[in-house]
Amino acid sequence: MAIVEVKVPQLSESVAEATLLTWKKKPGEAVAIDEILIEIETDKVVLEVPAPAAGVLAQIVVPDGGTVVSDQLIAKVDTEGQAGVSPLQVAAVPSAAPVAAAAPAATGGSKGDVAMPAAAKLLADNGLAVGDVAGSGKDGRVTKGDVLAAVAGGAKPAAVPAPVAAPVPAAVARPLPAVAAPTAQNLGDRPEQRVPMSRLRARIAERLIQSQSTNAILTTFNEVNMAPVMDMRKKFQDKFEKEHGIKLGFMSFFVKAAVAALKKYPVLNASVDGNDIVYHGYFDIGIAVGSPRGLVVPIIRNADQMSFADIEKKIAEFGKKAKDGKLGLEDLSGGTFSISNGGTFGSMLSTPIINPPQSAILGVHATKDRAVVENGQVVVRPINYLAMSYDHRIIDGREAVLGLVTMKEALEDPARLLFDI
């Protein structure tokens, strides 16, 4: 029996512990190398733990819902085992197959009279001795397949009565507890269900409260005529997709417009560290994305150096990763400014909460046709209301308002983005 340990992957320095979700395999079941055994939820992401080797899941050390730390042992895989029963379970129940164990002694202990662990269990269940079945394994060992074939062929048990298998110890036999199991109350036609917060949801709540309690948050608004962006997008959509293999969306325009404003007013891209203001010489833009497990903010790094196509591809990649729960810690770490697009869900106006330690966030909303006045005439234009929340401790109203105006001007005249003006 060759045992390979399954351990918790290395967590980031900011993550002290994590929670095991649900084991995808049970002890005794076969596993393939790199097959996902369990997912581990941290307060930032969900990590997958693959099998380090092929074999049989011999033992689960930490059950569902257990709290773990980096490099902690959580399971064991037997690379020489056969599916059907965990080798460690057999070892824990030596009396499960007394007939199979006694046979080698009667024949002098030859290798041909030895049954594999899974085969020994089947022999005991069917009241057979090792000598009743011809072995086809290495050195004549009896395998599980040999026993199944013998039973199918009508093999009869020896005169020795079939033993009663000893019960599996409670530590192995008990069902593993479910993660965040809901508790329901029977209140007639007014039922309630109580479900514990996931680690990720609890962390989101903690950060939002932290943001509102430590930042002096103020929000400024402006309206943007999206017609120029929509016209440009419509004109180049087909050529763009043919050339780059991805559709031209609106978020790349918002990212580019935000970078233009951050370059012009660097304090919008800064953060507070104690009594210091840290001005960042790079532009890492966080894009708020809804996922099945909660809100996450993956980071587009060095957005100022990226093309429209690069940004669109990165956003699409983040969206797929979020949906599949594949975002890694490196995708979510850092960030100097964030954009939240509530318009995707139909939001018309909001006051976004700053993502600490950042100092500002842009809220984008749904674009709707509205009546506006241009040159003394009432006309219909596709209008989007932008909202920028900022930390008034370091950002004055002047920089905040002018920064949002810079974004507005860039979107209403997209050519500015091409010439960096």
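Helices (H or I, at least four residues) and strands (E, at least two) are DSSP runs, numbered from the N terminus. The model is predicted: local features need pLDDT of at least 70, side-chain atom pairs count only at pLDDT 80 or more, and totals for chains, interfaces and linings use all residues. Residues are numbered from 1 along each chain as its sequence is written, and side-chain values use heavy atoms, without hydrogens and water.

**View 1. Helix 6 gives the most to the lining of the largest pocket, with 5 residues.** The lining has 38 residues, and Arg207, Val296, Val297, Asn355 and Pro356 lie nearest the pocket's centre. Elements that give two or more residues to this lining are helix 6 (199–214), strand 16 (294–296), strand 18 (337–341) and strand 19 (360–364).

**View 2. Lys25 lies in the loop between strand 2 (18–20) and strand 3 (30–31).** Lys25 is buried, with a relative accessible area of 18% (buried means under 20%, exposed over 50%, partly exposed in between; 1.4 Å probe, protein chains only). A polar atom of the Lys25 side chain lies 3.3 Å from the backbone oxygen of Ala30.

**View 3. Helix 9 (residues 308–324) has 17 residues.** Helix 9 reaches 25 Å from its first C-alpha to its last, close to the 24 Å expected at 1.5 Å a residue (the expected span is 1.5 Å times one less than the number of residues). Buried residues in helix 9 include Phe308, Ile311, Ile315 and Phe318. Just after helix 9, Gly325 takes a positive phi of about 70°.

Terms used: Polar contact = N/O pair within 3.5 Å; in protein donor to acceptor, adjacent residues only side chain to side chain. 1 Å grid on protein atoms, 1.4 Å probe; cavity = no way out; pocket = protein on both sides within 12 Å on 5 of 7 lines; lining within 4 Å.
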